[in-house]
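Visitor: Hi, I've just opened this one and I'm a bit lost. Could you walk me through it?

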Amino acid sequence: MRDVVAGYGGHPILHGVSFSVRAGETLVVVGPNGSGKSTLMKTAVGLLRPISGQVLFGEANVTTLGAPARAARGLANVPQEANIFRNMTVLENLQVGYEFVASHSAPSFGKRLDAVLDLFPEIRAKLRSTAGYLSGGQRQMVAMAAALMPEPSVLALDEPSAGLSPRNAEILFEVIGRVAASGVTLLIVEQNTRLGLGAADHGVVLVGGRIRLAAPAAEVLADPDIRRLYLGGA
Amino acid sequence: MGQLLVNGIVAGLLLALPALALSLTFSVLRFANYAVGSYLSCGAYLVYIGNVVLGMPLWLAASAGAALFAVIAVGIDWLAYRPLRDRGGVTLLVASMGVAIALENVIRFFAGNLPRAYNVPVARPMRFGDIRLNHEQLTILVAVFAALAVVWIIFRFTRLGRMMRAVADNPDLAAVRGISRSRVVAYVWLIAGMLTTLSGVLVGLDANVEPQMGWTYLLPVFTAAILGGIANPMAAVAGALTLGLAEELATLVMPVHYRMIVTFLVMVALLLVRPWGLFGTRWVTK
């Protein structure tokens, strides 16, 4: 992102935000409630067009492209909470994740299904279940699995730990670690600062719609102000 | 009693297709298309032109009319609804009232107010014991079940069906999964246009083709769709059948010409007791 100003109804929430994620790396954006994290995510994935500034994907300027066009370029997204099609089965969710994005040269649906179910073995037995009836943790797994079906190059996760128990959040971040290890570039917006930065290469601290700190994740975690404000002084 | 049940099922099936069309457009576009009755009338008149003016057999005129009105429905969306897409459901509802008035007056301008009939052979009703079934009713049964089966198969088993269900369920998530909403909207209007045209033909067969035919069906169609749960297209069909049977069985205890009261009573009871419909999901506000 380059100098992005974005908001709703002409009222900016992000004020000139610039950052980049290198291929294969994980960048986590942290910040308090109302800091603009979700606006940043919507702008990144194409659900919100910025008032000014640019969104770049590789060398390409995708600022004016909508979410479907960005998805076709390899940007997958798992939105916060409402991130599955509740009335569809788990298998249909995975099918929808694949069929409108995967290119003709992409591996077949069956191959991708096997690969994704290896990452999320918990949902293998639930393929015929209606997704809306799954537990919060299982839904988050289904949402991530669906996003990974077309073999995206970048996966954007909006508050993946929201609504999960601490144990489920830890399990989810273990899976996120496996996804990162497979070479997928990750952009994560996360309220759980310790958990998020613990899984990241780089961290960005967003406060009041402006970047307060951008540094390697370990440095952000070690920053005294960040520790005092977001980690309870630990 | 058996005859009443058959009549009720046929009456319900006449409501099923426009209720399905209404529910389908509501589920994707989140507005109640008040012009659904006028779509029904327009479709019926287009088929009348093919059948009576151009001399086509009814099935061919109905197919051509459905295809033509499907395209017109997409055109109406482009002209009237698309520019207002971000303005909310109430604005679009009012726009659809304007569309309804415009379409009805276009019909009156070109076709006049006189009732007309399709050119179909007159045949004796069939008898199954005490139950009498006329050919129009048989046509309605077969045509509506066939149309419902096709729509159900599209919904459950095709890529197009998954696109429509995805956008209806969660438009933002559908967008990030690569689904173009504008394409889905066009498909929805195509299907709604075909369904309303077919229902117009069947209503025309059952009674007459006249400019107000759709208006007569508007309240029962809305009631049927709400009865099912307006954002759930296949449940709207169940709502239509329930309403058709209720209207017909009510004639056991009240004069036939008071049937419409049943529709009002069902609508009032629903809005008071279960506004999310018999099969719909209750909306919870946090």
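Guide: Here is a quick tour, one chain at a time.

Guide: This is a predicted model, where local features need pLDDT of at least 70, side-chain atom pairs count only at pLDDT 80 or more, and totals for chains, interfaces and linings use all residues. Residues are numbered from 1 along each chain as its sequence is written, while chains are lettered from A and ligands numbered from 1 in the order in which they are written.

Visitor: OK, chain A. How many helices and strands does it have?

Guide: Chain A has nine helices and eleven strands. Those are DSSP runs numbered from the N terminus, with helices being H or I of at least four residues and strands E of at least two.

Visitor: And why call chain A as compact as a globular protein of that length?

Guide: Its radius of gyration is 17 Å, close to the 17 Å that the globule rule gives for 234 residues, so chain A is as compact as a globular protein of that length. The radius is taken over C-alpha atoms, and the rule is 2.2 Å times the number of residues to the power 0.38. The C-alpha trace of chain A spans about 45 × 40 × 30 Å along its principal axes.

Visitor: What share of chain A is buried?

Guide: Buried residues make up 45% of the 234 in chain A. Buried means 20 or more other C-beta atoms within 10 Å of a residue's own, exposed means 12 or fewer, and partly exposed is in between, with C-beta atoms placed from the backbone.

Visitor: Show me a sheet. What's the strand order?

Guide: There's an open sheet of three strands in chain A, ordered 2-1-4 with antiparallel pairing. Strand 2 (11–17) and strand 4 (52–54) of chain A are at the edges with a single partner strand each, so one side of each has no neighbour in the sheet. From one strand to the next, the twist averages 30°.

Visitor: How many bridges join strand 1 and strand 4 of chain A?

Guide: Two bridges, with strand 1 (residues 2–8) and strand 4 of chain A paired in the antiparallel sense. Strands count as paired if DSSP finds at least two bridges between them. One bridge partner to look for is Gln54(A) in strand 4 of chain A, which goes with Arg2(A).

Visitor: Switching topic: how many residues of chain A are in contact with chain B?

Guide: 22 residues of chain A are in contact with 14 residues of chain B. Contact means that the C-beta atoms, placed from the backbone, lie within 7 Å. Helix 3 of chain A gives the most to that side of chain A, with five residues.

Visitor: And chain B itself, what's in there?

Guide: Chain B has eleven helices and two strands. Of its 286 residues, 48% count as buried. The C-alpha trace of chain B spans about 55 × 45 × 35 Å along its principal axes.

Visitor: Pick me a residue there. Where does Arg116(B) lie?

Guide: Arg116(B) lies in the loop between helix 4 (89–111) and strand 1 (126–128) of chain B. With 15 other C-beta atoms within 10 Å, Arg116(B) is partly exposed.

Visitor: Which residues is Arg116(B) in contact with, leaving aside neighbours within four places in sequence?

Guide: Those are Tyr48(B), Asn208(B), Val209(B) and Glu210(B). Also, Arg116(B) and Ala207(B) are 91 residues apart in sequence and 9.4 Å apart in space, C-alpha to C-alpha.

Notes:
Axes are lines fitted to C-alpha atoms, for helices over the stretch in contact, and angles run from 0 to 180 degrees between N-to-C directions. Two residues are in contact if their C-beta atoms, placed from the backbone, lie within 7 Å.
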